[in-house]
Amino acid sequence: MKKLILDVDTGVDDAQAIMIALTAPDVEVLGITCTHGNTLLENVLTNTLRVLKVCNRLDIPVYEGFSKPLLDRKQHASDYHGKDGLGDVPDPDAPGVELLQKETAAQAMLKIARENSGEVILVATGPLTNLAVAVQLDPSFPKNLKALYIMGGNTESRGNTTSCGEFNFVADPEAAFIVLDRYTCPTYIAAWEFSCRSSLPWSFWDEWLSVKTEKAAFIRKISELSMKVSSYQKEVIAGQGFNPCDVFALAAAVDDGFITESEKVAVTVELNGKHTRGMMVLDYIECLKKEHKAVIMKTVDLEKLKKMLYDAVK
Ligand code: BDR
């Protein structure tokens, strides 16, 4: 049984990732920690509870994390995810925040990892602020983890938020720097360009959500806005289809055979550049003298991905 903690900024693709985690075989979600990111933290909390409600899994503990990055002003991805982070289609009966746990996200990560030492897989699909604080509170935290999976960063200096930077890293560059530096557990990265290249054909989208279930209807409803934006991106980024970025990190965490090609390289984050702040740097020629190398995903099994997406909305 794989034991997961999900650190999310629930947005549309985080919602899809959570739904996969809840339906994947032999996977137990021990907790969901929330961070600022795609939308304000308060929306992220409600969105996460909304997803759990649709999945009938409000028993899973949800924790409140940081509402802003370590240094910068907060930024959100409202153009894509909507102002509320879930496509601006509110649920008047959304579960209330009284369901949240009392511990903070960072405390919860430390506690869950201590109690399940060596077994916990942490999947981070938002800015890495909670993870950075957790390792500052307890430097031994990464040793208690089995692995870390991140959706974030970029490999070919092609950004989606700045010219060179991917949203999750740009939204808190210092946190990303700390995490890539201090998490010496096996670390897997689904970077932005990889996710674009691994996009699913547009025809899949309609097939996927033609299933007549409450979960499929929910995904369709919250995704409408982001799909319009993606259609626009399709014309801008040649070859791009439906790109559920966060789902790639989650899929790799729950299925060891999902990654079909990868490379191991030390990585860090640029903190100073005027145009490059937040950009992931790949140290192919080992200038950084870092022993720890991250696994950078290059290709994945898209048939497995489709199955996971279908199972998630059944
Ligand atoms: C990342 O940014 C967010 O908008 C998505 O949820 C994903 O985590 C892609 O850059």
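Let's start with a question: is M297 buried or exposed? M297 is buried, because 26 other C-beta atoms lie within 10 Å. A residue is called buried if 20 or more other C-beta atoms lie within 10 Å of its own, exposed if 12 or fewer, and partly exposed in between, with C-beta atoms placed from the backbone.

Two quick notes before I go on. Residues are numbered from 1 along each chain as its sequence is written. This is a predicted model, where local features need pLDDT of at least 70, side-chain atom pairs count only at pLDDT 80 or more, and totals for chains, interfaces and linings use all residues.

Back to M297, which sits in strand β10, residues 294-300. Helices (H or I, at least four residues) and strands (E, at least two) are DSSP runs, numbered from the N terminus. Leaving out residues up to four places away in sequence, M297 touches Y188, I189, A190, F194, F248, A252, I259 and S262. Touching, or contact, is when the C-beta atoms of two residues, placed from the backbone, lie within 7 Å.

Now the core. In soluble globular proteins, nonpolar side chains tend to be buried together. Here the largest nonpolar core has 99 residues, and I20 and A21 have the most contacts inside it. Such a core is a set of buried Ala, Val, Leu, Ile, Met, Phe, Trp, Tyr and Cys residues joined through C-beta atoms within 7 Å. Its largest share, 9 residues, comes from helix α11, residues 245-254. As for A21, its contacts beyond four places in sequence are L4, L6, V27, V29, L250 and V254.

On to helix packing. Two packed helices are described by the angle between their axes and the distance between the axes. Axes are lines fitted to C-alpha atoms, for helices over the stretch in contact, and angles run from 0 to 180 degrees between N-to-C directions.

How do α1 and α12 lie to each other? The axes of α1 (residues 12-23) and α12 (residues 302-313) come within 8 Å and cross at roughly 85 degrees, so the two are roughly perpendicular. Angles under 35 degrees count as roughly parallel, over 145 as roughly antiparallel, 65 to 115 as roughly perpendicular and the rest as oblique. Q16, M19, I20 and T23 of α1 meet M308, L309, D311, A312 and V313 of α12.

Next, α4 (residues 105-115) and α5 (residues 129-137): their axes come within 9 Å and cross at roughly 60 degrees, which means that α4 is oblique to α5. In this contact, A105, A106, M109 and L110 of α4 meet N130, V133, A134 and L137 of α5.

Helix α5 also packs with α7 (residues 173-182), where the axes come within 8 Å and cross at roughly 55 degrees. That pair is therefore oblique too. T129, L131, A132 and V135 of α5 and A175, I178, V179 and R182 of α7 make the contact.

Finally, the loops. D26 lies between α1 and β2, and its phi is near 55 degrees, a positive value in a residue other than glycine. D26 counts as exposed because it has 8 C-beta neighbours inside 10 Å. N56, in the loop between α2 and β3, has a positive phi near 60 degrees.
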